[in-house]
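Subject: Structure for you to look at

Dear colleague,

Here is the structure I promised to hand over, and below it I have set out what was found. Please read the notes with the structure open beside them.

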Amino acid sequence: MTTHTVEYIRYRIPEDRSAEFLSAYTHAANQLAAAPQCVDYELARCEEDFEHYVLRITWTSTTDHLEGFRESELFPDFLAEIRPYIANIDEMRHYKPTTVRGRGAALPTLYAWAGGTEAFAKLTTVFYEKVLADDILAPVFEGLAPEHAEHVALWLAEVFGGPSAYSETQGGHGHMVAKHMGRGITEPQRRRWVNLIQDAADEAGLPTDAEFRSAFLAYVEWGTRLAVHFSGPDAKPPAEQPVPKWNWGAAPPYQG
C-alpha cells in the first residue's frame with residue numbers, strides 16, 4: 001500500500017490582502033487539479049485569527065512533488081499565482097502519516113448504517129439460499145460448508161467497518177483470496193453473484209438509500225472482480241494483507 005506525502009503550507013496573510021490571496025489560489029488550484037502527482041488539496045482559514053491560513057496538499061510522494069510537479073509545465077503558472085505570497089509563509093514542510101488514525105462517531109460506518117452484525121448475518125443467510133437454488137452458481141458452491149455463510153457475514157461486517165472477527169478467527173485478505181484460487185470463475189457467474197446479493201440485500205432489509213447502496217455495490221463489484229482474477233489459471237496469490245476497509249466513497253450518508 002502506497003503511503004502518500006502530505007505537504008502543509010502555513011500562511012499569515014493580512015486581512016486587506018485576503019481577497020486577492022484567495023483569488024490567486026483559486027487560479028493556482030487549476031494547476032494542482034491537473035497535476036498527476038497531486039492527490040487532493042484544501043485551503044483552510046483560521047476561525048480565531050483570520051490572518052492564518054493552512055494549505056494542505058496530498059502528493060503521491062515527496063519526490064513526485066519536488067521532481068515531478070515542480071519540474072513540470074504546470075509549475076510556472078502555479079508559481080506565478082502564488083509568488084506574491086511566498087514571503088508570507090510561516091512553514092512549508094512534508095509530513096508522512098503515522099499509524100494513529102481513525103474516524104470519529106459523527107460519520108457512521110457502513111456496518112453501523114446497515115444494522116450491524118445481525119444485518120450481515122441475515123444478508124448472507126438469504127443470499128446463500130438463493131445461490132444454492134441458482135442454476136449458474138449452485139455448481140460453484142457444491143458441497144458448501146455449513147459455516148460458510150457465517151464466515152462471509154463476518155468478512156462483510158469487517159470490510160464495512162465492523163469488528164475484526166474475520167481476521168481474528170479466519171485470517172486476513174490472503175485467506176479469503178485463497179478460497180478462490182483455481183476455481184475458474186466466469187464473468188456470467190460473477191454477474192449473477194452481484195445480482196443475487198443485491199436481491200438478498202433487499203429481502204434482508206438492508207438500507208435502500210442511494211448513498212449506502214452505491215457504496216455497497218462498489219465493494220461487491222470490486223470484490224467479485226478480484227475473485228475472478230485470482231480464480232484464473234495464471235493467478236498468483238497476493239502477499240498477506242489486512243482485510244480491506246470500505247467506506248462511503250463519493251457520497252456520505254444522507255441525514256436530512
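Asp-64 counts as partly exposed because its relative accessibility is 30%, where buried means under 20% relative accessible area, exposed over 50% and partly exposed in between (1.4 Å probe, protein chains only). Asp-64 has its place in helix 2, residues 62–69; helices (H or I, at least four residues) and strands (E, at least two) are DSSP runs numbered from the N terminus. The C-alpha atoms of Asp-64 and Glu-221, which are 157 residues apart along the chain, are separated by 31 Å.

Please bear in mind that this is a predicted model, in which local features need pLDDT of at least 70 and side-chain atom pairs count only at pLDDT 80 or more, while totals for chains, interfaces and linings use all residues. Residues are numbered from 1 along each chain as its sequence is written, and side-chain values use heavy atoms, with hydrogens and water left out.

Turning to the charged pairs, the structure holds 13 salt bridges, a salt bridge being a side-chain nitrogen of Lys or Arg within 4 Å of a carboxyl oxygen of Asp or Glu. One of them joins Arg-12 to Asp-90, with the closest N and O atoms 3.6 Å apart. Since Arg-12 lies in strand 1 (residues 5–12) and Asp-90 in strand 4 (residues 89–95), the pair ties together parts that are 78 residues apart in sequence. Arg-12 is partly exposed, with a relative accessible area of 39%, and Asp-90 also counts as partly exposed, at 47% relative accessibility.

Another salt bridge brings together the side chains of Glu-203 and Lys-130 (2.6 Å, N to O). This pair links distant parts of the chain, with Glu-203 in helix 9 (residues 187–204) and Lys-130 in helix 5 (residues 117–132), 73 residues apart. Lys-130 is partly exposed, with a relative accessible area of 22%.

Within helix 9, Arg-191 and Glu-187 lie 4 residues apart, about one turn of the helix, and their side chains meet in a salt bridge (3.4 Å, N to O). Both residues belong to a network of salt bridges that links Glu-187, Arg-190, Arg-191, Glu-221 and Arg-225.

Lastly, Thr-58, whose place is in strand 3, counts as buried because its relative accessibility is 9%. By contrast, Glu-47, in the loop between strand 2 (38–45) and strand 3 (52–59), counts as exposed at 70% relative accessibility.

With kind regards
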